[in-house]
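Biologist: Before we turn to details, could you take me through this structure, giving the general idea first and then the case at hand?

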Amino acid sequence: MIVYFSATGNSRYCARLLGSLLSDTCLDAAPFIRDGIAAELSSDTPWVFVCPTYSWRLPRLFRDFIRSGSFSGSRDAYFVLTCGSDIGNAAVWNRALCGEKGLQYCGTLPVVMPENYIALFTAPEEAEARSIIALARPALERGAGQIAAGASFPEGKAGISDRLKSGIVNTLFYRFHVTARPFTVSDACVSCGRCEQACPLGNIRLRDGRPVWGGRCTHCMACICGCPAKAIEYGKISRGKPRYQCPE
Ligand SMILES: Cc1cc2nc3c(=O)[nH]c(=O)nc-3n(C[C@H](O)[C@H](O)[C@H](O)COP(=O)(O)O)c2cc1C
Ligand code: SF4
Ligand code: SF4
């Protein structure tokens, strides 16, 4: 079974493609995460966890979903991490997570997809995004072949900077950088409620038709990138930048 989390669609696209290549079921973890429900799942086929990379690791909300869930049946677990450039030393943490869960770690596949982190970087326009996604397809096809053959994904090399990024930098990132405080909404807001529905942590409430952010943000970018009126900004840094949604 392919289990995915996706804020702006890249990981959903990869999960669905793997699902069709492997003729396997795809399950969205978001409803479990949003409602705080511990998943109780069973699969005869290997577990394939697909998600974005946040600060060179699994997103904490997806790690916690796996940690709190029950995954019976197959003991094999693969990880597919979509990323804007690299996943650092995420593999080591995924192996440890499998150890906690009694799953057999079968490797981590990095898949470069369009950048979505507009609170820090710039996302590509649609044409460039489509060409990045086209380049990702062979890696996913190769990965599907390895899963179908029961082979592990090849191990990547991680140097000292990868260990630092996925270790101390990841800890500092969540402690000091991840906050919803800079989010603002402009008069362009049409009170559609899409941001409230999109937040995987239920961190947004509409008050008088406008979003108000709470203290549980994980910086997934679903709210700011999904607003049809482009009414949301993250301080000054998001101004004038394309909002990203996977075009496929
Ligand atoms: C909070 C945050 C942190 C990110 N950290 C990384 C990173 O460490 N390395 C990287 O290459 N891309 C990073 N990205 C980019 C995303 O992993 C990438 O665009 C991903 O494909 C988005 O997936 P989604 O569309 O399924 O949400 C980050 C994005 C966000 C929002
Ligand atoms: S998605 Fe945008 S337009 Fe819709 S309620 Fe949220 S801020 Fe307003
Ligand atoms: S508030 Fe926005 S960026 Fe933060 S977790 Fe919710 S949808 Fe993601």
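This is a predicted model: local features need pLDDT of at least 70, side-chain atom pairs count only at pLDDT 80 or more; totals for chains, interfaces and linings use all residues.

Biologist: Which domains does the domain assignment of the chain give?

Modeller: Domain bounds come from an automatic or database domain assignment, and here they are domain 1 (2-173) and domain 2 (178-234). Their C-alpha centres lie 25 Å apart, and the contact takes 13 residues from domain 1 and twelve from domain 2, two residues being in contact if their C-beta atoms, placed from the backbone, lie within 7 Å.

Biologist: Which element gives the largest share of the side of domain 1 that touches domain 2?

Modeller: Helices (H or I, at least four residues) and strands (E, at least two) are DSSP runs, numbered from the N terminus. On that side of domain 1, α2 (30-35) and α3 (60-68) each supply at least two residues, and the largest share, three residues, comes from α2.

Biologist: At what angle do the axes of α1 and α5 cross?

Modeller: Axes are lines fitted to C-alpha atoms, for helices over the stretch in contact, and angles run from 0 to 180 degrees between N-to-C directions. The axes of α1 and α5 (residues 126-148) come within 10 Å and cross at roughly 45°. That makes α1 oblique to α5, because angles under 35 degrees count as roughly parallel, over 145 as roughly antiparallel, 65 to 115 as roughly perpendicular and the rest as oblique. The contact includes Tyr13, Cys14 and Leu17 of α1, and Ile133, Leu140 and Glu141 of α5; by class, it has eleven nonpolar, no polar and one charged residues.

Biologist: Which residues come nearest to ligand 1?

Modeller: A residue is near a molecule if its C-beta atom, placed from the backbone, lies within 6 Å of it. Of the 25 residues around ligand 1, Ser6, Asn10, Ser11, Pro52 and Cys83 come nearest, and α1 (10-22) and β6 (76-83) are the elements that give two or more residues to the shell. Domain 1 and domain 2 each provide at least three residues of this shell.

Biologist: And which residues are closest to ligand 3?

Modeller: Among the 14 residues that surround ligand 3, the closest are Cys199, Cys217, Cys220, Ala222 and Cys223.

Terms used. Residues are numbered from 1 along each chain as its sequence is written. Chains are lettered from A and ligands numbered from 1 in the order in which they are written. Ala, Val, Leu, Ile, Met, Phe, Trp, Tyr, Cys and Pro count as nonpolar, Asp, Glu, Lys and Arg as charged, and the others, Gly among them, as polar.
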